[in-house]
Amino acid sequence: MDYYQAKQYIKSLSGRGIVPGLSNIEALLRALSNPERKLNIIHVAGTNGKGSFGAYLSSVITASDKHCGRFVSPCVGEYKNTFLLDGESVSQDIIAEGAIPILYTDGGYAASNECYKKIGFERV
């Protein structure tokens with residue numbers, strides 16, 4: 001699968017809607033050997049200022065010689081700008097590689113947000 005196919009696949013997942021509960025994300029995290037247990041995570045939420053605050057926080061973390069992955073939604077410009085690692089967009093290859101396991105292990109449960117999380121967990 002190339003970048004453009006991966007992008008289409010990930011976007012097609014959003015048409016499935018939201019799956020209530022945690023069973024889907026828990027299954028995905030188990031399949032990835034629970035990467036969330038090895039990471040320090042800051043979830044920025046709210047109505048206004050998430051993008052600015054996320055950019056500021058990312059720059060502070062990166063300046064202190066730590067890796068920082070960031071998911072930006074809605075996408076600004078090129079689709080790959082949705083996924084940032086240390087302030088830089090990830091490559092098209094990373095997005096293509098990240099979508100492949102979900103495509104082949106998809107038992108009808110993966111949604112676009114699970115795919116986004118998988119790409120992020122694998123790179124940070």
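The legends below describe close-up views of one predicted model.

Figure 1. The chain has 124 residues, and 30% of them count as buried. Its accessible surface comes to about 7800 Å², with 54% of that area belonging to carbon and sulfur atoms. Take the contacts between residues at least 6 apart in sequence: 58% of them join residues at least 24 apart.

**Figure 2. Confidence along the predicted chain, given as pLDDT.** The mean pLDDT is 78, and 76% of the residues reach 70 or more. Among the elements, helix 3 (residues 50-63) has the highest mean, at 91. The lowest mean, 61, belongs to helix 5 (residues 112-123). Where pLDDT is low, the predicted coordinates should not be read in detail.

Figure 3. Helix 3 has 14 residues. From its first C-alpha to its last it reaches 20 Å, close to the 20 Å expected at 1.5 Å a residue. An α-helix has 3.6 residues a turn, so residues three or four places apart point the same way. After helix 3 comes D65, whose phi is positive, near 60 degrees.

**Figure 4. S58, a residue of helix 3.** Is S58 buried or exposed? S58 counts as buried because its relative accessibility is 5%, and the cut-off for buried is under 20%. Which residues does S58 contact, leaving aside its neighbours within four places in sequence? S58 is in contact with C68, R70 and G87.

**Figure 5. The edge-to-face pair of Y3 and Y4.** The structure holds 3 aromatic pairs, and Y3 with Y4 is one of them. The centres of the two rings are 5.0 Å apart, and the angle between their planes is 75 degrees. Y3 has a relative accessibility of 3%, so this residue counts as buried.

**Figure 6. The tilted pair of F71 and F83.** The ring centres of F71 and F83 lie 6.0 Å apart. Their planes are at 50 degrees, so the pair is tilted. F71 lies in strand 1 (residues 69-71) and F83 in strand 2 (residues 83-85), so the pair ties together parts that are 12 residues apart in sequence. F71 counts as partly exposed because its relative accessibility is 41%. F83, in turn, has a relative accessible area of 4% and is buried. Which residues do ring pairs link into a cluster? The cluster consists of F71, Y79 and F83.

Conventions
Residues numbered from 1 in each chain as written. Predicted model: local features only at pLDDT ≥ 70, side-chain atom pairs only at ≥ 80, totals over all residues. Heavy atoms only, no water. pLDDT = per-residue confidence, 0-100. Helix = DSSP H or I, 4+ residues; strand = E, 2+ residues; numbered from the N terminus. Phe/Tyr/Trp six-rings, centres within 6.5 Å; stacked < 30°, edge-to-face > 60°. Buried < 20%, exposed > 50% of the residue type's maximum accessible area, 1.4 Å probe, protein only. Contact = heavy atoms within 4.5 Å. Areas by Shrake-Rupley, 256 points an atom, 1.4 Å probe, with all protein chains shown as cover. Expected span 1.5 Å × (residues − 1).
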